[in-house]
Amino acid sequence: MALLDVENLAVTFNTPKGPVYAVSDVSFSVSKGEALGIVGESGSGKSVTVKSLMGLLPRTATIDGTAVYDGFDAFNLPSDRKKHFYGVDVAMVFQNPMTSLNPVKRIGAQLTEGMRFHRKLSREAAKGRAIELLDIVRIPDAAKRLRQYPHELSGGMRQRVVIAMALANDPALLIADEPTTALDVTVQRDILDLLDGLRRDLDMALILITHDLGVVRDRTDRIVVMYGGRLMETAPTATVFSDTAHPYTESLQRSIPDMSTPRGTRLDPIPGSPPDLAVAPAACPFAPRCAYATDECTSALPPLKPTPLSADHSYACFHPRGSAAELAGSM
Amino acid sequence: MKVVAQRLGQMILVVLAVTFLAFAAMNLLGDPLFNILGPVAAAEEGDPNYSMVVEARETYHLDDPFVVRYGRWLGDVATGDFGRSFKNQQNVRTILADKLPVTVLLMVYAQVIAVVISVPWALWTASRAYRLGDKVSTVVSFGLLGIPVFALVVVLFWLFAVRWEIFPTRFDDADLGSRLWSLFLPAVALATPLIATYQRLLRTDLISTLQEDFIAVARAKGMSRWHVLFRHALRPSLFSMLTVFGIQTGALIGGSIVVEQYFGIPGIGRAVIEAIIRDDFPLVLAVVVVVSVIFVLVNFLVDLLYSYLDPRVSFDG
Amino acid sequence: MAKVPGISTDLGSNQVVEVPADLGDERSVARQLGWGFWLCAGWLALVVILAVLAPILPLADPNKTAVGGRLEGPRSGLWFGADSTGRDVFSLTIWGARISLLVGLIAIVVGFLVGGTVGILAGYFRGWFDKIVSFIFATLLSFPALILAILITTLLGRTVFWISISLGILAIAPVGRLARAQTLVFAEKDFVVAARILGASDRRILTRELLPNVVIPMSALALLGMGIAIVAEGTLAFLGISVADGLSWGKQIFDAGSRATDLQNGPHAALFPIGVVFLTVLALNYAGDRLREVFDAKELAF
């Protein structure tokens, strides 16, 4: 039974200059304790997708489609449920730890406010739990940290605090939106391992958003690839790498530097630039940059279809790679 | 600490310069002799009144060079002796002690009213930025800014004391309650331009703060709108308003002169204007000193408040 | 996530608020300023014209008492009614405008010319000259403005000319400080540095490079400044220490509004001039504000 089931999600921003189709026809689901990776470049709609789930979109945004969380319509929560939903059932970790914390408030206050508001914990109980949380995210000297201000902590430590904040009320689902992009490379892995470990220990579902396929490789159960606001490919993680169907996913893989890549090999960036989201989707958004594109690709929307090898693996392309290529019958 | 000392030193220098200017201005304004003695000052040698002239010259050291007189006056002030008013020889210090409290009360009252109204108003408009309520507020705010205090006092008085007899028409000194009640209209008159200024500044900073990530994070934690506005957005946004708060003390002093004159409040504002017209040096100078010191002190406190509000700013700036 | 332009600060959505005006706004300057601006300009023009033409307009003698009944209400022929001594309020208001506007204008001109010049020179040449000038500005600015105004006007005298000069002196410090700040900003800009490297004389740099750039934002401020000057003169007149025997707006308002009985029986005598003052100051503030917005944005082209 899925914890979160998103179907045909579409988010359109009504700007003074016209509509912007940030997300179109995106579907995915997350089960209890499962880790889902959403991969795509900037502007692919991955952040907007999760922000819609968290109620963080502005009034100018129109949301279509459904998102069912634990039986509730996540977009139309009854008010008493809504009051204690965000930060309790679902929690989120943002990208930039340097700006995610209120600079004029102490760490302790920011850690405990959620607990005291949602679970009515007393000050002592909340403080105790806060220290526990800091231990869980492996920040040393927890008691001292509570009295400190964000600017006294390094970027990596701040991100741990942000994660601790998200865990404060034992959420069943944690959304991490590019949690390591703003961090040093050396720190990135620590944070990712931390998230991975937490997920397993707490049996917590995780949605990990990134532009880097390498990040989700060993840390997720499933991967969703987005581009231009649309779903390109979705499959269990291993399958994405063993039987890559979508040309975009293929390009993403090629641009991952790997320790085994021979020295001097050029990285293969994807030529071109992201699509204009102000145009209503009518064709494959990746077509202009795709090496295998044909006229068909620029005149019609490829539907989402499963591969012959696995019903669990779908792609949206007229000229897929891998096992689906044989079925499609064209290269 | 070194910076603090330096800042203090700077401020003392400015206060000295201000007093020197005032001293110079007053001494150029006319013959102090005339102000003390009246027409008798014209008495020449041989005239029976001449002895009064000589005596006055001596008591007030009027024959000494200007700079010496300034120095002497400064020395007196440092020991708390502000001299005697030219009019009826009253001790200036007593006059100050008598009249200053009312003016200070009025100014504090006005600032309190201004803050109490402008902060919620700013929060409300910032959370609804660019929507109808905010647009209307912007117009109203702009209008309030442009109303001269002297016109405002007449309108307020007419509406609330004459037409609808809600407030008394004159200052009532009976007890604190009646003082506050009868000072309400004057305080509102003083507060109005402040309300508009503070609201505009705070709103701008709030809108800017509300776009920061940590606000989104707080909302993502499920904190209520109220909590996010008051307990996350407000504090980091107070700086511009705080700066102006200190500077406005100067404007308030000018405003209080008008308000006191109009409502007949026995404060220092009214006293000083009469003193200037009468060339009553000791009183005018004393007021200038006191006012400058108050101004300096308030700004110093504002600086202290900065470092409290933003832990990233240490007091040594 | 790329920020999407939109409006409103819905808490938590990180939205960029308000689509900013295009830097390359194609509309004519006149349209950019907006209908509000032109409305204000129209009002100001009306007031100025009436004030200037006052002597030849068919107005009752403002000093003549008993033109109307005591505190008589507005009627045809007596548009603003009469005050407590029967004088024609409408006529008083227009004649009062002459003094108030004239004082405001001269004060601003003096303030901007002197303050502007000193400020620009201080900001450009720096050094001890700048230190002295800055100190003088700081001192003048820490004087409560009204007290300074009273001191200076008492010193210089109570004619239209001297009151204007006094207020002008008062304007020197704030204007000068602004001019200096603007100059400091511009003196560092590349085109000025380039001119200097090319060997241009100071005078040339000042007049050709700096002046035009500093003057533009300052002009917008001139309108706001006039508003302030008019209020200052009004305040002095209200307190009874403006032009001797002159009947500017402030005095008129004081005469009509300082007695409770008068206000009870005939508030119009005070309210009409108050209305005119308010509208005039508002118009100056708004017009100045619009000018500042339009011309500041254009500046960004650098």
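Start by selecting chain C and chain B: across their interface, two residue pairs are in polar contact, both at pLDDT 80 or more (a pair of N or O atoms within 3.5 Å, where within protein one must be able to donate a hydrogen and the other to accept it, and residues adjacent in sequence count only if both atoms are side-chain atoms). This is a predicted model, in which local features need pLDDT of at least 70, side-chain atom pairs count only at pLDDT 80 or more, and totals for chains, interfaces and linings use all residues. Residues are numbered from 1 along each chain as its sequence is written, chains are lettered from A in the order in which they are written, and side-chain values use heavy atoms, without hydrogens and water.

Next, select the side of chain C that touches chain B. Which helix gives the most to this side? It is α10(C), with ten residues; helices here are DSSP runs (H or I, at least four residues), numbered from the N terminus. The residues of this side divide into 29 nonpolar, 15 polar and four charged, with Gly counted as polar.

Now show both partners. In contact (heavy atoms within 4.5 Å) are 48 residues of chain C and 52 residues of chain B.

Finally, select B:Val154. Among the residues that B:Val154 touches are B:Tyr262, C:Phe238, C:Ile253 and C:Leu263, leaving aside residues up to four places away in sequence. B:Val154 also belongs to the largest nonpolar core, of 159 residues, where B:Val153, B:Val154 and B:Val259 touch the most other members. Such a core is a set of buried Ala, Val, Leu, Ile, Met, Phe, Trp, Tyr and Cys residues joined through side-chain atoms within 4.5 Å, buried being under 20% relative accessible area with a 1.4 Å probe, protein chains only.

Conventions. Helices (H or I, at least four residues) and strands (E, at least two) are DSSP runs, numbered from the N terminus. Buried means under 20% relative accessible area, exposed over 50%, partly exposed in between (1.4 Å probe, protein chains only).
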